[in-house]
Amino acid sequence: ARFSFFQQIDQVLVPLQTNNTLTGFLIIGSKRSGEAFSNEDLSALNTLANQTMIGIQNSRSYQLSHSRLAEMRTIAEVGKIISSALDFQKVLDTVIESVSDVIDVDRGMLLLYNEKTQELVAQAGFGAQKEDVLKVRLPINDSIFGKIFTEGKPVRQKASRKTEYVLRLQAEEYIAVPMKGKDKMIGLLAFDNKTSQRSLDTINMELLVTLANQTGLAIENARLYEETIKIKNYNENILRHMTSGIITIDAHGIIKTFNQQTTALTGLEEKEALGRPLTDVLGNSSIFTKAFSGPQHNLQGIFKNIQGVDKHLTISTTQLLDHQSN
């Protein structure tokens, strides 16, 4: 399509076009002489309009590139902040505070899915009283947020129902974004501007979805780390209170476990043994070395500890395999 000049007595409207699409006008006032615009004048104005559109497009491209760069920096910075925290609750608190700050909202809430109760349970909040945040529990099958979580799509909308979230936090407009872990939805982020009453229309939803997925993976990793630490502490507690001495070594003969009962038998502290070769710690010809080096699984003998006391020992050995059967 081609758009024509529109000339009035005191001004000319010069069309601004992009790919044959009208995007605006240059409004040119009347000539000082009072004469009408000639064809040469209109041609010059058309050239000016084309140059103007080139400038506008370049400016828009720069702004878009600058905006994308800022988004990438934001994603990297939030990721760095989140990954620096190992404590599970610290990760949750850091996530909601960092994301709320990045998208510039008054309040934020982080809810995690509880598979046993089939609920979204608020675990951390920003800009609201903790007693208001941490009591929020939203059933998956009977709440707007539950529906958003189930469908896995972000929503920005006015509060049309007096849900628990709306009643407790008095939010008239909110954004809710599901968080995805490695292979499933794990929770939901919710934001509003109750305090300032600012519109949420300017929030970059694409950026927010990226941040939500990033934080979902971080939360999943933090949860896995916490569970690993719990298992490790549990196992160490069992070893600590066993009445038998326990020593484990790796394929290179390096001591990996040395419990308290072994300390009582040998007179050596755990810190003196861990990470060192068995032969260096307990002697190359000791009953321990023979038990670990030979094919026998049960061995009896005498071990002289560092105090010079003879200990009559019965040692049983077994091979431990890792997840790769090594």
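Me: Is Lys 184 buried, exposed or partly exposed in this model?
Reply: The model is a predicted one. Lys 184 has a relative accessible area of 40%. Buried means under 20%, and exposed means over 50%. The value for Lys 184 lies in between, so the residue counts as partly exposed.

Me: Which residue meets Lys 184 in a salt bridge?
Reply: Side chains of opposite charge can pair when their charged atoms come close. Here the N to O distance is 3.1 Å. That is within the 4 Å that a salt bridge requires. The partner of Lys 184 is Glu 115.

Me: How many residues apart in sequence are the parts that Glu 115 and Lys 184 tie together?
Reply: Glu 115 lies in the loop between E4 and E5. Lys 184 lies in the loop between E8 and E9. The pair therefore ties together parts of the chain whose separation in sequence is 69 residues.

Me: In what order do the six strands of the open sheet stand?
Reply: Strands of a sheet pair through backbone hydrogen bonds, either parallel or antiparallel. In this open sheet the pairing is antiparallel. Neighbouring strands are turned by 25° against each other on average, direction ignored. The order is E6-E5-E4-E9-E8-E7.

Me: Which strands stand at the edges of this sheet?
Reply: An edge strand here has a single partner strand, so one side of it is left without a neighbour in the sheet.

Me: What is the bridge partner of Gln 157?
Reply: E7 pairs with strand E8, residues 173-180, in the antiparallel sense. Four bridges join these two strands. The partner of Gln 157 lies in E8, and that residue is Tyr 174.

Me: Which residue forms a salt bridge with Lys 158?
Reply: Lys 158 is in strand E7, and the pair links it to a residue in strand E8, 15 residues apart. The closest N and O atoms are 3.7 Å apart.

Me: What angle does the direction of helix H4 make with that of E9?
Reply: Helix H2, residues 88-103, packs on the sheet and touches E4, E5 and E9. The direction of H2 makes about 70° with that of E5. Helix H4, residues 144-151, also packs on the sheet, touching E4, E5, E6, E7, E8 and E9. The direction of H4 makes, with that of E9, an angle of about 130°.

Me: Which residue follows H4 with a positive phi?
Reply: Within H4, Ile 144, Phe 145, Gly 146, Ile 148 and Phe 149 are buried. After the helix comes a residue with phi near 70°. This residue is Gly 152.

Me: What volume does the largest cavity have?
Reply: The count comes to two cavities of 30 Å³ or more. The lining of the largest one includes Ile 144, Phe 145 and Tyr 174. H4 and helix H5, residues 164-169, each give two or more residues to that lining. The space in the largest cavity is about 60 Å³.

Me: What is the volume of the second largest pocket?
Reply: Among the residues that line this pocket are Glu 236, Arg 240, Phe 258 and Thr 263. Helix H6, strand E11 and helix H7 each give two or more residues to the lining. The volume is about 230 Å³.

Me: How far from Ala 122 is Gly 187, taken between C-alpha atoms?
Reply: Gly 187 is in strand E9. Gly 187 is buried, with a relative accessible area of 0%. Its contacts include Leu 111, Tyr 113, Phe 149 and Met 179. Ala 122 is 65 residues away along the chain, and the separation of the C-alpha atoms is 9.3 Å.

Me: Which residue takes a positive phi in the hairpin of E12 and E13?
Reply: Seven bridges join the antiparallel strands E12 and E13, and Leu 299 stands opposite Ile 315. Lys 304 and Asp 310 meet in a salt bridge of 2.9 Å, N to O. Five residues lie between the strands. The one with a positive phi, near 85°, is Gly 308.

Terms used:
Residues are numbered from 1 along each chain as its sequence is written. This is a predicted model: local features need pLDDT of at least 70, side-chain atom pairs count only at pLDDT 80 or more; totals for chains, interfaces and linings use all residues. Side-chain values use heavy atoms; hydrogens and water are left out. Two strands pair if DSSP finds at least two bridges between them. Axes are lines fitted to C-alpha atoms, for helices over the stretch in contact, and angles run from 0 to 180 degrees between N-to-C directions. Contact means heavy atoms within 4.5 Å. A salt bridge is a side-chain nitrogen of Lys or Arg within 4 Å of a carboxyl oxygen of Asp or Glu. Buried means under 20% relative accessible area, exposed over 50%, partly exposed in between (1.4 Å probe, protein chains only). On a 1 Å grid over the protein atoms alone, a cavity is a set of points where a 1.4 Å probe fits but cannot get out, and a pocket is an open set with protein on both sides within 12 Å along at least five of seven lines; lining residues have an atom within 4 Å of a point. Grid points are joined across faces, edges and corners, and a volume is the space filled by probe spheres set on the points. Lists of a residue's contacts leave out its neighbours within four places in sequence.
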